[in-house]
Amino acid sequence: MRSARTAAALTAAVLLAACGSKTESPPPAAAPTTAASSHAGHSAASAAPLRTGERFVDLALPEAYEPAAPHGGTDEYRCFLVDPKLTEPAFLTGSRFLPQNAAIVHHAIFYRLSREQARSAAQADAGTPGEGWTCFGDAGVQGETAWVAHWAPGAGETLMPSGFGFEMPPGSKLVMQVHYNLLGAKGGDTDRSGIRMRLADGGAPLTPLQTALAFAPIELPCEPGASGPLCDRAAAVADVGERFGAGSAEMVSGLQAMCNPGKTPVPGDTQHCDQPAREAGTIYMAAGHMHLLGRAIKVEINPGTPKARTVVDVPAYDFDNQALVPLPEPVTVERGDTVRVTCTHDATLRKQLPQLKTLPPRYVVWGEGTSDEMCLGVMVMAPKK
């Protein structure tokens with residue numbers, strides 16, 4: 001998951017700004033299948049009953065897509081344009097991603113597009129062979145898009161709190177970005193994932209929601225006793241750029257510039273980032289996202305002060321349990337509050353996990369691949385009026 005490429009874009013997208021992706025007639029959704037590996041699970045929990053004024057809309061790929069990782073890598077981020085065919089204003093009040101081939105689907109994000117962005121996405125789709133287009137880290141369209149739904153292992157239906165929803169103007173279209181993880185894949189795997197959207201009448205008195213993100217860098221050295229060319233940080237950053245494009249290498253330097261300005265990166269298992277909140281609001285739901293080397297993640301507001309609040313605290317991170325969940329109590333944030341996200345990773349897991357144990361040792365930085373890492377807090381909030 002990633003919402004921006006450069007240091008400037010990261011600063012603009014940090015917590016409590018309207019967040020999304022920022023860069024230069026379908027059949028019903030197919031039923032999900034059973035995961036084929038220990039790190040490709042998903043929840044089969046049934047959806048909650050429809051609330052007053054809600055309806056379901058099912059979307060899926062019109063044709064199966066066969067992922068192919070570019071640049072000799074093992075990951076592909078593929079974007080697909082999907083159209084709920086809205087003729088009236090609506091609110092997205094819940095969603096359930098249906099990973100038709102969960103053995104290769106790492107995560108999915110849904111971005112709401114403006115009309116101009118939808119035209120750009122349609123052009124990208126038409127100009128690329130097969131379904132969709134490659135889009136590492138973003139929606140592949142210009143301008144800031146609105147992140148309105150996502151799925152990661154462990155999530156079933158994500159239900160917004162009663163009285164809240166993401167605005168969906170008439171004609172709204174979505175980019176469905178799917179991260180395909182092909183580590184261990186034998187070739188020939190296809191996917192026809194989709195989403196079941198829970199929509200409410202746009203005339204209902206609902207409070208609009210936004211998705212907010214908090215980032216921290218990863219500077220995880222090779223495990224003790226390990227050696228190899230990719231244990232050198234510069235070589236590891238260059239490798240990320242080769243596999244995912246120059247923007248991915250810029251993401252690494254951008255995180256350092258944002259979180260540790262003027263300082264040399266310090267290798268270590270635990271990294272954090274403090275940033276000021278750019279917008280006031282109330283957080284109602286949250287989740288943490290890391291990859292297979294993640295051990296713990298925490299998001300705090302004003303840590304170490306009398307106004308300290310904890311948004312996310314996962315001391316024993318489980319990759320297969322990343323559902324966005326309601327907070328026990330909503331957390332109010334004021335403009336200028338300090339937002340801190342902290343992540344701990346464990347390089348020794350590389351030799352314990354089937355998906356990673358055959359890969360060479362490496363210095364791990366932020367990267368889009370399943371064999372790379374992330375440190376991301378995802379929060380659903382209502383901005384202060």
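Modeller: Helix α3, residues 233-244, has 12 residues and reaches 17 Å from its first C-alpha to its last, close to the 16 Å expected at 1.5 Å a residue, where the expected span is 1.5 Å times one less than the number of residues. Helices (H or I, at least four residues) and strands (E, at least two) are DSSP runs, numbered from the N terminus. This is a predicted model, in which local features need pLDDT of at least 70 and side-chain atom pairs count only at pLDDT 80 or more, while totals for chains, interfaces and linings use all residues. Residues are numbered from 1 along each chain as its sequence is written, and side-chain values use heavy atoms, with hydrogens and water left out.

Colleague: Which residues of α3 are buried, and what covers them?

Modeller: Buried means under 20% relative accessible area, exposed over 50%, and partly exposed in between (1.4 Å probe, protein chains only). In α3 the buried residues are Ala 236, Val 237, Asp 239, Val 240, Gly 241, Arg 243 and Phe 244, and their cover includes β3 (75-82) and α4 (246-259), contact being heavy atoms within 4.5 Å.

Colleague: What is found at the start of α3, and what just after it?

Modeller: At the start, a side-chain oxygen of Asp 232 reaches to within 3.3 Å of the backbone nitrogen of Ala 234. Just after the helix, Gly 245 takes a positive phi of about 105°.

Colleague: Which residues other than glycine have a positive phi?

Modeller: Most residues other than glycine have a negative phi. Asn 302, with a positive phi near 50°, is found in the loop between β17 (294-301) and β18, and counts as buried at 9% relative accessibility.

Colleague: How should I read the largest pocket, and what is its volume?

Modeller: Rolling a probe the size of a water molecule over the atoms shows where empty space is left. On a 1 Å grid over the protein atoms alone, a pocket is an open set of points where a 1.4 Å probe fits, with protein on both sides within 12 Å along at least five of seven lines, and lining residues have an atom within 4 Å of a point. The largest pocket has a volume of about 200 Å³, a volume being the space filled by probe spheres set on the points, which are joined across faces, edges and corners. Of the 14 residues that line the largest pocket, the closest to its centre are Ala 287, Val 314, Asn 321, Ala 323 and Val 325.

Colleague: Which element gives the largest share of that lining?

Modeller: The largest share, 4 residues, comes from β18.

Technical notes. Polar contact = N/O pair within 3.5 Å; in protein donor to acceptor, adjacent residues only side chain to side chain.
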